[in-house]
Amino acid sequence: MRNSNLNVPLSPREIESLEQYAQRHKLTATELLRRYAKRLLKKERFAIDPKVKNMIGILPRSNDAREEYHEYLLKKHS
């Protein structure tokens, strides 16, 4: 993959903070930003599907899914 350059306007305070953080973690500012961008891509790839997100909260918290599944398997294989 070919690398490209990106110019990001940052205040002197933001640049200083970025460079200090990178230095504390033994990285260059460029490597720090590259790793962050990769993490964002990975997070996006494993994002929860909106259809699944819509189902969150449908079951009451008192519902024990493991127990119900265990009971289902016992009935099924009895």
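Surface patches are made of residues with over 30% relative accessible area and no salt bridge, like charges being joined within 9 Å and nonpolar side chains (Val, Leu, Ile, Met, Phe, Trp, Tyr) within 5 Å. A salt bridge is a side-chain nitrogen of Lys or Arg within 4 Å of a carboxyl oxygen of Asp or Glu. The model is predicted: local features need pLDDT of at least 70, side-chain atom pairs count only at pLDDT 80 or more, and totals for chains, interfaces and linings use all residues. Residues are numbered from 1 along each chain as its sequence is written, and side-chain values use heavy atoms, with hydrogens and water left out.

The protein chain holds 4 helices and 0 strands (DSSP runs of H or I, at least four residues, and of E, at least two, numbered from the N terminus). Along the sequence the pattern reads α-α-α-α. The radius of gyration of the protein chain is 23 Å, whereas a compact globule of 78 residues would have one near 12 Å (taken over C-alpha atoms; the globule rule is 2.2 Å times the number of residues to the power 0.38). The C-alpha atoms fill a box of roughly 65 × 30 × 25 Å along the principal axes.

Of the 78 residues, 4% count as buried (buried is under 20% relative accessible area, exposed over 50%, partly exposed in between; 1.4 Å probe, protein chains only). The accessible surface of the protein chain comes to about 8500 Å², and 55% of it belongs to carbon and sulfur atoms (Shrake-Rupley method, 1.4 Å probe; for residues, only the protein chains shown count as cover).

Charge is set out next. The protein chain carries 17 positive and 10 negative side chains (Lys and Arg against Asp and Glu; His and the chain ends are not counted). The centres of the two sets lie 6 Å apart (charges are placed at NZ of Lys, CZ of Arg, CG of Asp or CD of Glu). R39, K42, K43 and R45 gather in a positive surface patch. R45 belongs to helix α2, residues 29–45. R45 is exposed, at 61% relative accessibility.

The salt bridges number 2. R34 meets E31 at 3.0 Å, N to O. E31 also pairs with R35, at 3.1 Å between the closest N and O atoms. Together E31, R34 and R35 form a network of salt bridges. R34 and E31 lie 3 residues apart in helix α2; E31 and R35 lie 4 apart in helix α2. E31 is partly exposed at 25%, as is R34 at 38%.

A nonpolar surface patch comprises I48, V52, M55, I58 and L59, with about 510 Å² of accessible area together. M55 sits in helix α3, residues 50–55.
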